[in-house]
Amino acid sequence: MKPQPNNAPGAEDRRWLDAAARLALRGRPLARPNPSVGALLVKDGLVVGRGWTQAGGRPHAEAVALAQAGDAAKGATLYVTLEPCAHVSPRGPSCSSLLANSGIVRAVVGCGDPDPRTAGRGLETLRAAGIDTLLVDHSPSSASLAGYLIRARLGRPHVTLKLALSLDGCIALTDGSSRWITGAEARAHVHARRALAGAILVGGGTWRADTPRLNVRLPGLQDRSPERVVLTRGSIEGVRTIAAPEDIATLDALYLYVEGGAATAAAFLASDLVDRLEIYRAPILIGNGLPALRDIGLSDLAEAHGRWHRAETRILGPDVYERYERFGQKG
């Protein structure tokens with residue numbers, strides 16, 4: 001369902017939706033197989049209830065926010081990143097029915113739900129209950145749901161390709177030594193990014209050469225280590241393997257974090273399966289080292305332009321982090 005052309009959202013609506021989108025990150029990736037949704041109940045300019053999708057996918061964000069608000073939900077406005085579900089589950093009632101009986105007077109929704117069990121029906125349930133309901137084209141909400149939206153549209157996880165490079169584009173010395181190109185701050189940031197992924201992937205060559213742990217080693221986040229996956233035609237005890245980049249469709253994860261090496265990175269780019277690039281650039285020169293990428297099938301420079309836009313830059317100790325998103329990518 002498309003956003004409603006009338007009753008356009010105001011600056012306050014977008015501010016609260018922005019906050020809900022940030023809140024949604026708290027449930028990722030533990031909410032899988034469900035998307036992590038953020039919800040706020042606001043009355044008289046104050047938050048009376050907030051919630052995000054809990055581990056295992058239930059309770060949903062709206063149910064958590066309503067439980068926290070209690071009677072204060074009456075007369076409140078709901079700000080939620082995804083259209084409230086309309087289907088009854090053995091694990092609980094639909095969020096749209098809970099909201100319809102909650103006493104809220106307004107709902108501002110950041111993204112429609114592509115699930116055919118809900119698409120449009122959740123909004124209709126709210127409107128039928130007399131709730132002033134507005135669906136907004138809200139980019140931060142869509143971005144927070146990228147894994148869910150891409151899974152619904154393309155049948156695969158959202159893919160982030162991470163590269164740690166020298167200034168001259170190398171990822172290692174010629175003998176394969178790569179510890180450490182980047183500093184401690186950048187490496188800690190990588191672990192925080194891993195904690196947001198449902199699965200992490202390296203190529204068979206990287207696995208055989210380094211046997212990387214591929215876990216999260218930040219205090220308090222160790223339980224968010226993603227599933228380990230290796231791109232190889234063989235089998236590895238205790239680790240999921242896939243034979244080709246397209247096989248990521250078989251993964252349960254909504255978000256896949258690809259760490260390399262060069263052949264694997266090139267294979268994902270050549271297969272047009274990368275949604276986000278995260279580049280950590282260290283202030284060093286290697287010279288005759290291993291390049292970050294192998295052939296990605298580019299035959300014309302014109303094909304390289306207009307595919308990526310830089311969405312974020314930050315300084316991490318001596319290193320520079322850059323995040324690039326695909327043009328037109330909204331999930």
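**Entry 1: pockets**

I started with the lining of the largest pocket, where helix H7 gives the largest share, six residues. This is a predicted model, so I kept to its limits: local features need pLDDT of at least 70, side-chain atom pairs count only at pLDDT 80 or more, and totals for chains, interfaces and linings use all residues. Residues are numbered from 1 along each chain as its sequence is written, and side-chain values use heavy atoms, with hydrogens and water left out.

My terms, for the record: a pocket is an open set of points on a 1 Å grid over the protein atoms alone where a 1.4 Å probe fits, with protein on both sides within 12 Å along at least five of seven lines, and lining residues have an atom within 4 Å of a point. Points are joined across faces, edges and corners, and a volume is the space filled by probe spheres set on them. Helices (H or I, at least four residues) and strands (E, at least two) are DSSP runs, numbered from the N terminus.

The largest pocket came out at about 1100 Å³. I found 40 residues in its lining, with Lys162, Ser178, Thr206, Asp210 and Glu259 nearest the centre. Elements supplying at least two residues each include strand E6 (158-165), helix H7 (184-194) and strand E11 (255-260). By class I noted 19 nonpolar, twelve polar and nine charged residues; here Ala, Val, Leu, Ile, Met, Phe, Trp, Tyr, Cys and Pro are nonpolar, Asp, Glu, Lys and Arg charged, and the others, Gly among them, polar.

The second largest pocket holds about 720 Å³. Its lining has 31 residues, and Ala143, Ser144, Arg276, Arg323 and Glu325 lie nearest its centre. Helix H5 gives the most to this lining, five residues. The classes here are eleven nonpolar, nine polar and eleven charged.

**Entry 2: rings**

How many aromatic pairs does the structure hold? I found two (ring centres of Phe, Tyr or Trp, its six-membered ring, within 6.5 Å; planes under 30 degrees apart are stacked, over 60 edge-to-face, the rest tilted). Tyrosine 280 and tyrosine 321 have ring centres 5.0 Å apart and planes at 45 degrees, so that pair is tilted. The two tyrosines sit 41 residues apart, in strands E12 and E15.

Buried or exposed, I asked of tyrosine 280? Tyrosine 280 is buried, at 1% relative accessible area (buried is under 20%, exposed over 50%, partly exposed in between; 1.4 Å probe, protein chains only). Tyrosine 321 is buried at 1% too.
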